[in-house]
Amino acid sequence: MLYMLTDHLRAVLKTPLGELIPNEERTKSRLDSLITYPLVLVGDVTASVLTGMDYVPQLILVDNHTKRGKEIPTLTVSPSKVVKVKNAAGMLGGELFKAIDEAIETIVVDGEGLTGPILIEVEGEEDLSTLAAVQLLPEGATVAYGQPDAGLVVLKVDAGIKNTVKDMLQEMEV
């Protein structure tokens with residue numbers, strides 16, 4: 001399966017899929033009221049900031065790049081497993097989708113046996129992995145990702161957002 005970002009969806013995705021928290025309002029008490037588990041973090045800065053605030057996600061997706069080209073932030077958790085995949089910019093490829101699917105299956109089925117998060121390192125770009133995570137996670141899970149030039153998005157997975165993402169993926173399918 002291969003998904004390609006369309007111009008239409010590029011514009012749509014400029015609007016956050018969940019609750020946008022501006023950087024200056026990103027406090028532990030505010031996030032505690034929004035974050036549930038399983039927790040998936042998408043993006044280098046998001047993963048660094050939230051693990052630095054003592055959140056321990058079950059899945060982290062990074063591409064070792066930041067929008068501003070600054071030094072890559074470090075994680076404050078040790079992964080139990082590292083998976084490396086390739087994924088082109090503006091795409092959600094089969095290799096990345098499969099890695100997310102397998103990681104979520106492990107989390108949901110064997111979550112108690114994990115000693116830390118599963119880390120998926122993407123050579124290329126991980127931005128669209130949010131869509132795969134939402135599609136594959138159970139309802140009640142949380143996905144957090146960065147919204148460029150705006151802040152942190154915390155997205156609670158429910159039937160409504162799953163349907164929205166399903167429609168997006170159908171539009172993107174190649």
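The model is predicted: local features need pLDDT of at least 70 and side-chain atom pairs count only at pLDDT 80 or more, whereas totals for chains, interfaces and linings use all residues. Residues are numbered from 1 along each chain as its sequence is written, and side-chain values use heavy atoms, with hydrogens and water left out.

Tyr3 and Phe97 form a tilted aromatic pair, with 5.8 Å from centre to centre and 35° between the planes. Rings of Phe, Tyr and Trp (its six-membered ring) pair if their centres lie within 6.5 Å; planes under 30 degrees apart count as stacked, over 60 as edge-to-face and the rest as tilted. The pair links distant parts of the chain, since Tyr3 lies in strand β1 (residues 3-4) and Phe97 in helix α4, 94 residues apart. Tyr3 is also buried, at a relative accessible area of 8%.

## Helix α4

Helix α4 covers residues 94-110, 17 residues in all, and reaches 23 Å from its first C-alpha to its last, close to the 24 Å expected at 1.5 Å a residue. The expected span is 1.5 Å times one less than the number of residues. Helices (H or I, at least four residues) and strands (E, at least two) are DSSP runs, numbered from the N terminus.

Which residues of α4 are buried? They are Leu96, Phe97, Ala99, Ile100, Ala103, Ile104 and Ile107. Seen down the axis of α4, the buried residues fall within an arc of 160°, so they line one face of the helix; the arc is that of the directions from the helix axis to the C-beta atoms. On the other side of α4, Lys98 and Val109 are exposed.

## The sheet

Seven strands form an open sheet with mixed pairing, in the order β2-β9-β8-β3-β4-β7-β5. Two strands pair if DSSP finds at least two bridges between them. The edge strands, β2 (19-22) and β5 (81-87), each pair on one side only.

Strand β5 runs parallel to β7 (residues 118-124), and seven bridges join them. Val82 has Leu119 in β7 as its bridge partner.

## Thr51 in helix α3

Thr51 is found in helix α3 (residues 44-52). Its relative accessibility is 2%, so Thr51 counts as buried. Leaving aside neighbours within four places in sequence, Thr51 is in contact (heavy atoms within 4.5 Å) with Leu41, Pro57, Ile60, Leu75, Thr76 and Val77.

Technical notes. Buried < 20%, exposed > 50% of the residue type's maximum accessible area, 1.4 Å probe, protein only.
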